[in-house]
Amino acid sequence: MSSSDNNKTQSSSKNPEPKLDFTHIHPNVAKELMISLTSIYPTLMLPIRATEFIYKLSTNLYPKYLCLSMAALYKNSQTEIKDLAKRKLCNMLIEQAIELLESEKNFKDPNYLWACCCIFCYTSGNVDNLNYKKASAFASKLSKIYLMDQKKKYISTKDSEEELEFKRRVWWVYYIFTRSSVISNGSLPVIEDKDILVNFPSKDFRWRYETDSIKLPPDFEILENNVNTQDKSGFFGDRFEFLIKSFVLFGSIALFLKNRWNKKKFDLKKDKINFRHFVQKIKELEVLIENMYPLKIYPINNIHNDLSGKLLLNILTEPLIIYYIVKQLHSSMNIFLYQSELVRYLDRALVSNRIIYAKHQCTDAAMTQSNMLAWFVKTIPEDYWETLSLPFLLFGAVVLQSYNFIPNHEKAKEYSSGLDNILQLYTAFGKKVEIAVSFTGYLEYIADFRKKAYDISKFDNNVHLMKPYAIFESDTIPWLAAHYGSYFFLACCFEKSFSTLNISEYLGLSEVESRKRGRAELEFDTRLDFEEFIPDTKLASPSTVFKIKKDPVIEQQSTNNEYSNRIEQFFNFAKEMSGSSPHSTSKYMYQYMANTVASSIFSQVFSEMADTKTIQDETTLETNEMKRPEEE
């Protein structure tokens, strides 16, 4: 063995790679894990009782598959994507948890379902569709838990009230994840709402922080002294029932929009009734939010510094995190519902006021999302950012992106700043969460798609006929609107997922009719100035709008070893991209990563070419100078 190898061995022995030991987890480590995960995955941690969770985790009273999946989530949340060794460890923990779940015979243990939900969190963030499907199959084995509050049908006489409440909370965690899939992908619900007979969770504060019968660490005494005196109806009142009902409403809207423009099922009268119903429900939710959170939300950065590692931190921040999630859900529902008004359905007449109103509603909701995001980023430290709202911010980003193709409008700076807030969050999350990289790649892809439609619109004779539907003078092309509500409903056909961006198709004009009508309108209205339809490339170019300030995946280095690694990475990403469905989150992630690596390779090549040329020029100059005396 060489001396360098000896040095490496000695250094590695001094600083060994930290490993998770499941024979004994220190209570302080368990507490740190709980504080972190309750902030990052607040819905996943809905079932926990703080002191009981720490006690059971540190004394091996939880099933090992749950410990493994929790540890993988925690470790993964602390690790950047580029740290391949630690990421590999997280993947191994999840694989072990899945193996244990696969061999487990006791499906009725609610911890079994809870562990499946942990895997949902892990695999959806890391775009691991295979293990996500495995966890879904495991979760389906608990077939009757959704009937647990049906009288004399499912409740076991052996279950205490605490055990029943724990089961309810685990069930609602599962419900939230399945409804998130309905909203994001347009998938069918695992169980219809009308079939569910499970009571909502109640007494959240007491459930989470009640401290009877368990010996407490010293800093838990504040809970024991104050748990009975807190105002449960105010700031510390029940929040999770409110959050669950928001998902119930959002899921119902998603199912309505999925088939809203289905030609075989469309009924104008029913459509009006359903649309008004959901508009009213969203308005009612807005009033409830204002009533539940009348206080002025305050920044708590200093609290995080002062109370780091203490459970009081959770008590103070959890209501704010739930408030933030509910506000983002409410804004997403607004966008989700009103963007369906922008879908072109040829059997329905275009009503200009209705379209303009829908555009304003979508814009206001998108800016609310962006402003709430700006508040959240300032309020909560990055290590505690929640991930549940990441897919829902995509709706706001797509709306605000529309204004990049409306040149010279009066609110360009405001809306561009709003879009930047969301893009910067995806960039920051992209260091650790792969799905954020997918969303960044997806937004770049649709920006290019819209740019092509915008360039074509400049030569369309009917461009001036879009004025009745415009919110600004230069709002000349149809807005991007998902035909089925979800952006990812169709995994194979990108363009068919959206309503047409072609002006003549949007107006319902045939090619011949379009030419005749266009010429007649031009002859009639000679005052029409087409200069206003020339695009402002600074606003419309995706390359300027979506420039990533800091690469979350690949660091720019210029060593020969790194160069070959990049080439290998490029081919790996390209291979994964070719094996993904054409219109899937994994496809956009691998495409973005492949493009990023390719860009860095080209940058390095051009840089080395320039350096080589400089060296050659300097060498030539030195040679010439050396030859001059001899020639003389």
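This report covers aromatic ring pairs and charges over rings in a predicted model.

## Basis

Local features need pLDDT of at least 70, side-chain atom pairs count only at pLDDT 80 or more, and totals for chains, interfaces and linings use all residues. Residues are numbered from 1 along each chain as its sequence is written, and side-chain values use heavy atoms, without hydrogens or water.

## Ring pairs around Trp114

The whole structure holds 40 aromatic pairs (rings of Phe, Tyr and Trp, the latter by its six-membered ring, with centres within 6.5 Å). Tyr62 and Trp114 form an edge-to-face pair (planes over 60 degrees apart). Their centres are 6.3 Å apart, with planes at 80°. Tyr62 sits in the loop between helix 3 (50-58) and helix 4 (64-77), and Trp114 in helix 6 (residues 110-125), so the contact ties together parts 52 residues apart in sequence (helices are DSSP runs of H or I, at least four residues, numbered from the N terminus).

Trp114 also pairs edge-to-face with Phe166, at 5.7 Å between centres and 75° between planes. Phe166 belongs to helix 8 (residues 161-185), so this pair links helix 6 to a part 52 residues away in sequence.

## Burial

Tyr62 is buried at 10% relative accessible area (buried means under 20%, with a 1.4 Å probe and protein chains only). Trp114 is buried at 0%. Phe166 is buried too.

## Cluster and charges

Ring pairs join Phe120, Tyr132, Tyr146, Trp171, Trp172, Tyr174, Tyr175, Phe177 and Phe200 into a cluster.

Arg49 lies over the face of Trp207, 4.3 Å from the ring centre (NZ of Lys or CZ of Arg within 6 Å of the centre and within 35 degrees of the ring normal). The charged end of Arg354 sits over the Phe275 ring, 5.5 Å from its centre.

Technical notes:
Phe/Tyr/Trp six-rings, centres within 6.5 Å; stacked < 30°, edge-to-face > 60°. Helix = DSSP H or I, 4+ residues; strand = E, 2+ residues; numbered from the N terminus. Buried < 20%, exposed > 50% of the residue type's maximum accessible area, 1.4 Å probe, protein only.
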